[in-house]
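Here are my notes on this model, point by point. Please read them with the viewer open.

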Amino acid sequence: MEYKDEYVSLVLDALNNVDKKYFEIEVSGTKSPKKRERVFCYELYHQMRKLQELNEHLDLTINGEINKAGNLVIKENFDPDFVIHRQGSIKDNHAVIEVKTSKVKRGIIKDFETIKCMVHCYNYKIGIFLITGSDIEWFVK
């Protein structure tokens, strides 16, 4: 599937490059792997940056877990998993990305509120919500 937005395509291509071992972590002493959002996000960031390096025209900065506390424009204390933007400028806010590896409703709602506010209040062009390890039917319900 092709998307007109090159940064959305970059995120999707990076997702396809994340090996399962970064999503389901083997735990010593058990046969049940654990889902670890932070490990997954670190590898997703790595894959996004690798792809970005191959496409020099994609010159916005990808930042992981950039806390917005102390920002002179953004008043909320947001801590999105990723932002794609031009550092130091409010004009080139492109994407805010939240990732969930669990089905905790409270966390999902918080992430959607963050995305909604950053898109509507702070001019991020795109909000992306990634939920891993759950099928779409569960999410729709």
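The points below go from the basis of the model to the fold and then to the aromatic pairs.

1. Basis. The model is predicted, so local features need pLDDT of at least 70 and side-chain atom pairs count only at pLDDT 80 or more, while totals for chains, interfaces and linings use all residues. Numbering starts from 1 along each chain as its sequence is written, and side-chain values use heavy atoms, without hydrogens and water.

2. Fold. The protein has four helices and six strands. Their order from the N terminus is α-β-β-α-β-β-β-α-β-α. These are DSSP runs: helices are H or I of at least four residues, strands E of at least two.

3. Packing. Of the 141 residues, 38% are buried (under 20% relative accessible area, 1.4 Å probe, protein chains only; exposed is over 50%, partly exposed in between). Among contacts (heavy atoms within 4.5 Å) between residues at least 6 apart in sequence, 53% join residues at least 24 apart.

4. Edge-to-face pair. The structure holds two aromatic pairs (ring centres of Phe, Tyr or Trp, the last by its six-membered ring, within 6.5 Å; planes under 30 degrees apart are stacked, over 60 edge-to-face, the rest tilted). Phe-23 and Phe-40 are edge-to-face, at 6.2 Å and 80°. Phe-23 sits in the loop between α1 (6–17) and β1 (24–25) and Phe-40 in helix α2 (residues 37–54), so the pair ties together parts 17 residues apart in sequence. Both Phe-23 and Phe-40 are buried.

5. Tilted pair. Phe-112 and Phe-129 have ring centres 4.5 Å apart and planes at 35°, so this pair is tilted. Phe-112 belongs to helix α3 (residues 105–122) and Phe-129 to strand β6 (residues 126–131). Phe-112 is partly exposed at 35% relative accessibility; Phe-129 is buried at 19%.
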